[in-house]
Amino acid sequence: MSPRPALVLASASPRRLALLAQAGIEPDALLPADIDEAPERAELPRRLALRLARQKLDAADARRRATGEYDGAFLLAADTVVGVGRRILPKPDLGEEAEDCLHLLSGRAHRVYTGVALMTPKGGVRTRLVETRVRFKRLAGEEIDAYIASREWLGKAGGYAIQGLAGTFVVKMVGSYTNVVGLPLAETVALLAGERFPVHERWGNPK
């Protein structure tokens, strides 16, 4: 029996690691990619998500080649973008930015896009774009203030983390929940399995 190929994740996101663990997958290495995530002029949210996922993949691949480690491994990257119409919401570092996001999302629908990019051991690249529609209830001022104080929004696309307190804001969702968290599991597992990565290897023999 041939050894299992390595899997390298181009991220250090605890959310993406937890989601992969939920699918019984543990990356062999993390190579977070530091790239400019600013949208291009007139760029649409869906295109940005795919472009950043591919750029993260390429950046991680360049780091891997520079070190000479994990040659022949699978390389997985993803990026999540929140959009309201054509408008791309930030991943805020400041409370004022997050507050602006929540006021914009209050009482209306938005879309969450995650681009997923996979590089195979032979250097082929496959990508997927997953879209989820989410509607927030109308948020009271005190709810927004309390959420800003929680700091769960820090660095999160659209200024919220659905797996935390912001889950209480959601009144309707169409599509993948894990996509909104940061990695669409069904599609990611399908990509890996389609390239013969043994995604089900540990299901009958967990650690």
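**Figure 1. Salt bridges in the predicted model.** A search of the whole structure finds 17 salt bridges in this predicted model. Side chains of opposite charge can pair when their charged atoms come close.

**Figure 2. Close-up of the salt bridge between Glu201 and Arg4.** The two side chains meet at 3.5 Å, N to O. Glu201 belongs to the segment after α6, whereas Arg4 belongs to the segment before β1, so the pair ties together parts that are 197 residues apart in sequence. Glu201 is partly exposed, with a relative accessible area of 41%. Arg4 is also partly exposed, at 31% relative accessibility.

**Figure 3. Close-up of the salt bridge between Glu131 and Arg46.** The closest N and O atoms of this pair are 3.3 Å apart. Distant parts of the chain are linked here: Glu131 is in strand β6 (residues 125–136) and Arg46 is in helix α2, 85 residues apart. The relative accessible area of Glu131 is 30%, which counts as partly exposed. Arg46 is partly exposed as well, with a value of 39%.

**Figure 4. Close-up of Asp79, Lys91 and their salt-bridge network.** Asp79 pairs with Lys91 in a salt bridge whose closest N and O atoms are 3.0 Å apart. Asp79 lies in strand β3, and Lys91 in the loop between β4 (87–88) and α3 (95–105), so parts twelve residues apart in sequence are tied together. Asp79 is buried, with a relative accessible area of 0%, whereas Lys91 is partly exposed at 29%. Through shared partners, salt bridges join Glu37, Lys56, Asp79 and Lys91 into one network.

Figure 5. At least two lining residues come from each of α1 (14–22), β3 (74–84) and α5 (177–181). By class, the lining has 13 nonpolar, six polar and seven charged residues.

**Figure 6. Close-up of helix α1 and its packing.** Arg16, Leu19 and Leu20 are buried in α1. These residues cover an arc of only 100° around the axis, which puts them on the same side of α1. Pro14, Ala21 and Gln22, on the other side of α1, are exposed. The partners against which the buried residues of α1 pack are β1 (7–9), α2, β3, α5 and α6 (185–194). After α1 comes Gly24, which has a positive phi near 75°.

Figure 7. Arg54 is partly exposed, with a relative accessible area of 34%. When neighbours within four places in sequence are left aside, Arg54 is in contact with Ala117 and Val125. Pro5 is 49 residues from Arg54 in sequence, and the C-alpha atoms of the two are 21 Å apart in space.

Conventions. Residues are numbered from 1 along each chain as its sequence is written. This is a predicted model: local features need pLDDT of at least 70, side-chain atom pairs count only at pLDDT 80 or more; totals for chains, interfaces and linings use all residues. Side-chain values use heavy atoms; hydrogens and water are left out. Helices (H or I, at least four residues) and strands (E, at least two) are DSSP runs, numbered from the N terminus. Ala, Val, Leu, Ile, Met, Phe, Trp, Tyr, Cys and Pro count as nonpolar, Asp, Glu, Lys and Arg as charged, and the others, Gly among them, as polar. Buried means under 20% relative accessible area, exposed over 50%, partly exposed in between (1.4 Å probe, protein chains only). Contact means heavy atoms within 4.5 Å. The arc is that of the directions from the helix axis to the C-beta atoms. A salt bridge is a side-chain nitrogen of Lys or Arg within 4 Å of a carboxyl oxygen of Asp or Glu.
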